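Colleague: I have a model open and some questions about it. Can we go through them one at a time?

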Amino acid sequence: MGVSLQYAWLIPTLPFLAFVLITLTPVRRNHRASAWLATGLMIVASILALAVLFETAQGVRIAANGSVELVALESPAGENIGAERFQAPEANIVQTFRWAPAGDSIITMGYLIDPVVALLLAMVTVASSCIHLFSIGYMADDPRRARFFSFIALFSAAMLLMLMASNLILLFIAWELMGLCSYLLIGFWFDRGYADPQQITPRAAAIKAFITTRIGDVLLMIGLCYLWFKAGSLDLGIQAGQVFDSEFLRRIGQEAGPFGLTTATAIALLLFCGTIGKSAQVPLHIWLPDAMEGPTPVSALIHAATMVAAGVFLVIRTYPIFVASQALPIVAAIGAFTALFAALIAVGQFDIKRILAYSTISQLGFMVAALGIGGWTVALFHLLTHAFFKALLFLGAGSVIHGMEATIGHDPNRAQDIRNMGGLRRFMPTTFLTYMVGYLSLVGIVPFAGFWSKDEILAESLLTGNFLVLIVLLLASLLTAFYMTRQILLVFYGPFRSAALVHGETSPEHGHAGSEPHESPATMTIPLILLALFATGAGLLNLPGIHWLSSFLGQPVHAFNPIAAGLGTLVALIGIGLGIAYYRRAFTTENERDPLDMQIPGVFAWLNGRFFVDQLYAASIGRLTLALEVFSSTIDRIIDRVVIGFDRLTTFLGRVNYIVDDTLLNDGADQIVRGATIGGNGASRLETGKAQDYLAIVFAGMLVLGVVSLYLLGR
Amino acid sequence: MTSIVSAVPLSWVLIVAGALFCIGLFGALTRRNIVGMLLGIELMLNAVNINLVAFWRYLEPQLVAGQVFALFVVVVAAAEAAVGLAMAISIYRSRNTVNADEVGLLRG
């Protein structure tokens, strides 16, 4: 009883151990061993996480003194509508140790498990294990795959650490570590270049991701500093001196802060900026589509299931602050806008992975909007279901690409373009079926998981009276159904548009191309099937009537709202119908344009061009930065000139000094010496050595003396 | 008999002594031979002697000091001549020359 909770610290340690072993020991030379080591340790971690979830579901609670008790999980009465009814779940176990002194207080580090954390631990570990397994097959040809596995192991460790952090500092450390791993993994194929200079390379995409999320992270850090300054510590908890102390929350909710906001609003907005960066909300969403330059398992793990969910998790974690502030409407607005914006862009994309990337951004917008209107339970629910079906969709896309590479070759621009695909359900049936499950889940068709979670978000917005959010989200759902149907029809149905390459009529570019697309190996299809099961069954978590999730989290329940469900299904069906109508017979010849492109070319150009946000940023902020660079380099050059001026002055003075020294002193001394020598030489001529000369001198001297004494002195 | 004091004025004797001194000086300064230099020096000493004796006889003939002084000078001259000649012989023995120009060892 409670054993796995006490050993929960092993969960992030095991993948970290995999990272250390693969990076620092000769294991890295054996790629197979590295891959299976990482996967094996991850599977063990997921077993442990499931045990933790099991124990948490039983209501095991371990207090600070080590006593174990069972607490019944139940939902309190009343409708869970809106943020006013927010009640944080209580922690099941908190283990901390003193880490560093800071002023009068001590920073502690450790882990904290509560129902939210237990659920997410289970989800992250299971998804990560599936993706580790998938990568073994997907990366089989890559000469550097040991490095890949060390990185995704490190990433998993960082994500799990973040989930379990008992302290916002530790959470932030793990957050940054995840950002680092994202950079390393997006730029995994760092030596890949493209012919078109406008197209972003993996190296540039990695830098872009890191810098864009950095903007959010800096604001997050400022928010954490502000919070620490106000609260005195960053420990999570409701006791005094910790962040969620009700007295503290009430104080900051009323205190006036900067720019006319309350302190709580300021802190909440700054924390939310971290979410905007990490969870790719507008305006910092630009990194996620370009992050598709990384390998597909990376896109599945990081940019669908886990890292992007970290932003949502941050808000959930610090939700008491958001509740005490007035920032929630802004959160909802950004979320809803992002959902619609990204869904529009997804309609105009041709790269299979980019469609899914924009879909991820859109679904994250759903989650953030749900948080904004007060439904953090439904946001969490959607996060869980989305993780599964989005990972499934990405892995399915990876499987599709893997199959396409057999035909087209390893040129990613062509292997990932849906205009080159078609009819793949005949060649890759397992991939097709699992992809359909993911598709139906995303679009929100009963009884798949996505239906339940999306329905709850719509219901929440309806019942709290946020009709604008409801309408925006319904529009986004319609577009979601539309573009996903488009994708399905163009990828899996119709004729196989690259058939010419199979029979050798036109030659492919690279690799072992020219054969028919084949189904992927078992290491790739088994995770797909597993995730499909989860995508189907995850809806059971919060089925109306049972509401296991709500009771698990200790939150009051929703009643099932048939209006919201009906609206949701209706727009989904409309979207599917429109999709089929437009794309059933699209691209039947080689060079046909997209039917939307033919009908509304102006709008389609904007959608395909992603609303030119990147270009806008380059023109504005890019130019500003370049202007700053010019300014700085001008100042630099001025300083250079000053320094050179000093140098010339010093050289000149040196020369003057030399002249003075040399001419005046040196030559002067020389002349004196010469004079003395001449004088000496002259004087020495008196010394003839002849006695008679000396005698003559004596006589002369005597004469002088005589004259002087007789005539001059005698007077 | 008239004495020499009244027949010859003092100045004449002094002039003779002076001339003799100058001749002796000239000889001492210009002769190349060491012995010649010594002769010149002897001349100078004799001139001095004449001077002394003249002054004694003409001015204070009753004082014996004049004669004694002249005697002293003669003795000194003799001693000095002996030493000088000894040096000349010594120089000749070592350098095989009596030419004063060739003994310029003190030349600087």
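Modeller: Start with one term: a residue is buried if 20 or more other C-beta atoms lie within 10 Å of its own. Keep in mind that this is a predicted model.

Colleague: Is H14(A) mostly covered or mostly exposed, and how many of its 20 residues are buried?

Modeller: Helix H14 of chain A runs over residues 328–347. H14(A) is mostly covered. Its count of buried residues is 16.

Colleague: How are H6(A) and H7(A) oriented to each other?

Modeller: The axes of helix H6 (residues 168–186) and helix H7 (residues 202–231) of chain A come within 8 Å and cross at roughly 170 degrees. Angles over 145 degrees count as roughly antiparallel. Therefore H6(A) and H7(A) are roughly antiparallel.

Colleague: Which class of residue leads in the contact of H6(A) with H7(A)?

Modeller: Residues that meet there include A:Phe172 in H6(A) and A:Phe210 in H7(A). By class, that contact has two charged, three polar and eleven nonpolar residues. The leading class is nonpolar.

Colleague: Which helix of chain B gives the most to the side that touches chain A?

Modeller: Eleven residues of chain B are in contact with ten residues of chain A. On the chain B side, seven are nonpolar, two polar and two charged. Three residues come from the top contributor, helix H2 (residues 10–30) of chain B.

Notes:
Residues numbered from 1 in each chain as written. Chains lettered and ligands numbered in written order. Predicted model: local features only at pLDDT ≥ 70, side-chain atom pairs only at ≥ 80, totals over all residues. Axes fitted to C-alpha atoms, helices over the stretch in contact; angles between N-to-C directions. Helix = DSSP H or I, 4+ residues; strand = E, 2+ residues; numbered from the N terminus. Parallel < 35°, antiparallel > 145°, perpendicular 65-115°, else oblique. Contact = placed C-beta atoms within 7 Å. Nonpolar A, V, L, I, M, F, W, Y, C, P; charged D, E, K, R; others polar. Expected span 1.5 Å × (residues − 1). Buried ≥ 20, exposed ≤ 12 C-beta atoms within 10 Å, placed from the backbone.
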